[in-house]
Amino acid sequence: MKTNLLPSIILTTVLLVLLCGAYPLLMWGIAKVSPNSGEGFTVETTNGKNYVNIGQTFNSDKYFWSRPSAVEYNAAGSGASNKATTNAEYLAEVEKRIEDFMIKNPEVKKEDIPVDLITASGSGLDPNISVQAAKIQIARIAKSRGIEVSRLEQLVAEQTQQPLLGILGPQKINVLELNIALDALK
Amino acid sequence: MNTEIIGIIVTFILAIGISIPLGKYIAKVYAGQSTFLDKVMNPLEKLFYKSSKINPEEGMDWKQHLVALLTINAVWFVMGFVLLLTQGALPFNPDNNPSMSPDLAFNTIISFLVNCNLQHYAGETGVTYLTQIWLMFLQFVSAATGMAAAITVFEAFKNKTTTLLGNFYVYFVKSITRILLPISIIVAAILIFQGTPMTFEGKDSITTIEGQQIEVSRGPAAAFIAIKHLGTNGGGFFGTNSAHPFENPTYLTNMTEMIAQLIIPLAMVFAFGYYINRKRFSWMMFGVMTLGFLCLAVPNVMMEANGNPNIAAMGVDNSIGAMEGKEVRIGAAASGFWSIVTTVISTGSVNSMHDSSMPLSGMNQLLAMMINCFYGGVGVGILNFFVFIVLAVFISGLMVGRTPELFGKKIEAKEMKIAMVIALIHPFLILSSTALGTAFPDMTRDTLNNPSFHGFSEILYEYTSSAANNGSGFEGLGDNTPWWNFSTGIILLMGRFLPIIGPVALAGFLAQKRYVPESAGTLATDTTTFGTIVLTVILIVAALAFFPVLTLGPIADFFTTTSL
C-alpha cells in the first residue's frame with residue numbers, strides 16, 4: 001500500500017493535467033472552428049437568438065405545436081414523465097390529450113393522430129415531431145391564418161427532413177424551423 | 001425494409017467492422033509492440049513513469065496488481081469526495097450550483113469510481129463545470145482500471161508458467177494514452193460538428209417565438225459524452241443523458257454514440273485471441289456473446305416499434321411505436337436497440353426512458369444486466385465471461401470424465417471455489433438488496449413513480465443496475481435519499497471490486513501452474529459445442545436465479561397490459 005501511495009498520487013496529478021487540462025482544451029479549440037463555436041446551433045427569430053435543437057412550447061392556434069413535455073420545454077433542466085406503459089393514471093392523461101386535441105382540431109379524425117403528439121419525449125425538449133403530426137395540424141393553421149391548405153402542405157413537404165443518407169433512421173420535422181418558415185410565408 | 005431497421009443493422013455492422021482491427025491494435029499495445037502513436041506517446045508515457053517513480057519494466061504478481069489497483073482507486077475516492085462536498089465554493093461554477101450533501105457525494109463518487117455513473121443528481125443543477133470535468137477524469141481512469149485488470153488474465157494464458165503478470169501502471173497508462181484518449185478525441189469532434197456544445201459559458205437566456213423567457217443549459221459536454229460511451233461509463237452531462245438534444249442532436253450522433261460504446265468491449269474479445277494467439281477461441285466467445293445479445297435486442301426492437309397496445313386501443317395512429325419517453329429524431333426502433341446495447345455493456349447511458357419501455361423490454365434490460373457478460377463493460381465484461389468459461393470447462397470436464405484444463409492449465413478445487421463465489425455474488429447482491437428495499441417500504445415506497453408491479457420493478461432495476469455497475473435506471477425513482485444513496489453505494493463497491501479481485505486472483509493461480517501440453521485428450525474450447533456449454537452455464541447460473549423476481553416485476557406488469 002505504502003509503496004503505491006506516492007506513485008498513485010503523482011500519476012493522478014499528471015493524468016489530471018492531460019485529461020482535465022489538455023483534452024478539454026483541445027476539444028474546446030476544435031469547437032471554436034466548428035459552426036457557432038461549439039455553443040449549440042442557433043437561429044435568428046423575431047425574438048432574437050433561439051436554439052435549433054431545443055424544442056419550444058407552442059400554444060397558439062396559428063403555430064405548429066410541439067410534443068407534450070414533462071418539463072414544459074424549460075431547458076434549464078430536462079426530464080421525462082417516466083410513466084409505465086400500464087399506469088392507469090398515465091393512460092387517462094393520454095386520453096385527455098387526445099380529447100383536447102380533437103376539440104381544438106375538429107377536422108382531424110382520431111385514427112390519424114400520431115402517437116408522438118400525445119406522448120411526452122425522453123428529454124422534455126424534443127425539437128422534432130413526425131411528418132404525420134405536422135400534417136394533421138394544417139387544417140387548423142390554414143383556418144386561423146387564412147392561408148390555403150395546399151400552400152401549407154407544400155411548406156411541410158419542404159421542411160421534412162429525410163433519414164440520414166436517405167436510408168438510416170426516421171423522417172422528422174423541426175417544429176421551430178417549421179414555424180419560422182410559416183411566419184415568413186406572406 | 002424500413003429506414004429505422006436499416007439504421008440499426010448498419011450501426012451494428014459498423015461496430016463489429018471497427019472492433020476487429022481495433023482488437024488487433026489493442027493486443028499490440030499491451031504486448032508492447034510498436035504502433036503508430038509511439039512517436040507522440042512514448043515520450044509522454046516515459047515522463048509519466050519518471051515523475052511518478054514507477055519502473056515500467058517491473059513485473060507484478062497478482063497480489064501486487066490488486067494492491068496497486070486498489071490504492072490508486074482509494075486516492076481518487078478521497079479526492080472526489082472532497083471536491084463534490086466543496087464544489088459550490090470552487091471555481092468554474094457559472095450557474096452557482098450548490099455543494100453536494102454527504103450522502104449524495106458518497107454515492108456519486110463511488111458510482112463514478114466503479115464505472116457505473118448511477119447519478120442521483122441532474123447534470124444541469126447537481127454539479128459544476130469543475131466537478132463535471134473531474135467526473136470525466138474518473139470516466140477515463142475507471143475504464144482504464146477495468147482494462148488493466150483484464151490484461152492480467154490475458155497475460156496469465158500467454159506465458160507457460162509464471163508468477164508475474166506485467167505491470168499494472170503500464171497497462172493502466174497505455175489504456176488511456178493509446179486507446180481511450182485518441183478515440184475520444186475523434187468521437188468528441190464528430191459530436192461537436194453535429195451540434196453538441198463544448199463551451200465554458202453558463203446558461204443562456206432566450207425568448208421563444210411565443211415570447212416565453214427560458215434558460216438553456218450548456219457546458220463542455222462533447223468531451224464528456226465521448227468518454228462516457230467509449231469507457232462504457234454512461235453518466236450523462238445533462239439530466240436526461242443521451243435523450244437530451246444537446247447530448248445526442250442527430251441520428252448520426254446516435255449511431256456514433258452507440259458504436260463508441262460497443263467497440264472496446266467487442267475489441268477486447270478479439271484482442272484476447274490475438275494476444276494469446278488463439279483466434280478461434282475469440283470467435284467462440286464472440287459467437288456466444290452475440291447470440292445472447294441478439295436474443296435480447298431483437299425482441300426489444302420489435303416490442304418498442306410495435307408500440308403500446310394500451311394506447312393503440314384508444315384508436316390513434318400507433319404506427320411509429322411506443323413514443324413515451326422517446327425522441328422523434330431517434331425513433332422507437334433505435335431506442336429499443338440502444339436499451340439493450342447499454343444494458344449488456346454496462347454503459348447505462350440512455351437515449352429513451354427505460355421506465356416507459358414496454359414491460360418485457362424492461363425485463364430484457366434487467367436480464368442483460370443480470371447476466372452482465374454479453375460483451376460487458378470495458379475490461380470487466382471479459383472478466384465476468386472468463387468466470388463462466390472456467391465453470392463450463394469444469395462441468396464439461398466432469399461430463400466426459402477428464403481432468404478439466406483450460407489452455408494447458410488444470411482447474412482444481414481452489415479455482416472452482418473462486419469462480420463459484422464470483423458467479424453467485426451477483427445474484428446474491430441483487431436479490432438480497434431488492435428484498436431489503438422491499439422489506440422496508442417506509443424507505444422506498446414514497447420514492448416510486450409508478451404503482452403496482454412496475455413500482456417493484458423500479459426497486460429491482462435500481463439494485464440490478466448498481467450490482468452490474470451499469471448506471472441506467474427506471475428514472476422515475478426519486479433516488480436522491482439517504483437510503484438509496486447509501487444502499488446503492490455499498491452494492492456498487494461490492495459489485496465492482498469483488499468481480500475484479502476474483503478473476504485476477506484466479507488468473508494468478510492459473511498462471512503459476514505447470515503447463516500441460518495439449519494432446520488428443522484435451523477438451524477443445526474453441527468449438528461450437530463448447531460455446532453451447534458456456535451459454536447453457538450462463539443461462540442456468542445467471543438467468544434462472546432471477547426468474548422468480550422477474551415474475552413479480554416485469555412479467556406481472558406484462559400480464560396487466562394484456563388483460564386491458
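In this predicted model, the lining of the second largest pocket is made up of eight nonpolar, eight polar and seven charged residues. Three helices of chain B each supply at least two lining residues: H1 (3–31), H2 (38–51) and H7 (168–194). H2(B) gives the most, with five residues.

The largest pocket holds about 580 Å³ of space. Its lining counts 24 residues. Nearest the centre of the largest pocket lie A:Asn59, A:Ser66, A:Arg67, A:Pro68 and A:Arg97. By class, the lining of the largest pocket splits into 10 nonpolar, five polar and nine charged residues.

Chain A is assigned two domains. Domain 1 of chain A covers residues 1–39, and domain 2 covers residues 42–184. The C-alpha centres of these two domains of chain A are 41 Å apart.

Chain B is likewise described by a domain assignment. The contact between them takes 64 residues from domain 1 of chain B and 71 residues from domain 2 of chain B.

Is A:Thr12 buried or exposed? A:Thr12 has a relative accessible area of 1% and therefore counts as buried, the cut-off being under 20%. Its neighbours in contact, leaving aside residues up to four places away in sequence, are B:Ile72, B:Val75, B:Trp76, B:Met79 and B:Phe137. With B:Trp76 there is also a polar contact. That polar contact joins the side chain of A:Thr12 to the side chain of B:Trp76 at 3.1 Å. Within chain A, A:Thr12 and A:Val108 are 96 residues apart in sequence. In space, 62 Å separate the C-alpha atoms of A:Thr12 and A:Val108.

Key: Residues are numbered from 1 along each chain as its sequence is written. Chains are lettered from A and ligands numbered from 1 in the order in which they are written. This is a predicted model: local features need pLDDT of at least 70, side-chain atom pairs count only at pLDDT 80 or more; totals for chains, interfaces and linings use all residues. Side-chain values use heavy atoms; hydrogens and water are left out. On a 1 Å grid over the protein atoms alone, a cavity is a set of points where a 1.4 Å probe fits but cannot get out, and a pocket is an open set with protein on both sides within 12 Å along at least five of seven lines; lining residues have an atom within 4 Å of a point. Grid points are joined across faces, edges and corners, and a volume is the space filled by probe spheres set on the points. Ala, Val, Leu, Ile, Met, Phe, Trp, Tyr, Cys and Pro count as nonpolar, Asp, Glu, Lys and Arg as charged, and the others, Gly among them, as polar. Helices (H or I, at least four residues) and strands (E, at least two) are DSSP runs, numbered from the N terminus. Buried means under 20% relative accessible area, exposed over 50%, partly exposed in between (1.4 Å probe, protein chains only). Contact means heavy atoms within 4.5 Å. A polar contact is a pair of N or O atoms within 3.5 Å; within protein, one must be able to donate a hydrogen and the other to accept it, and residues adjacent in sequence count only if both atoms are side-chain atoms. Domain bounds come from an automatic or database domain assignment.
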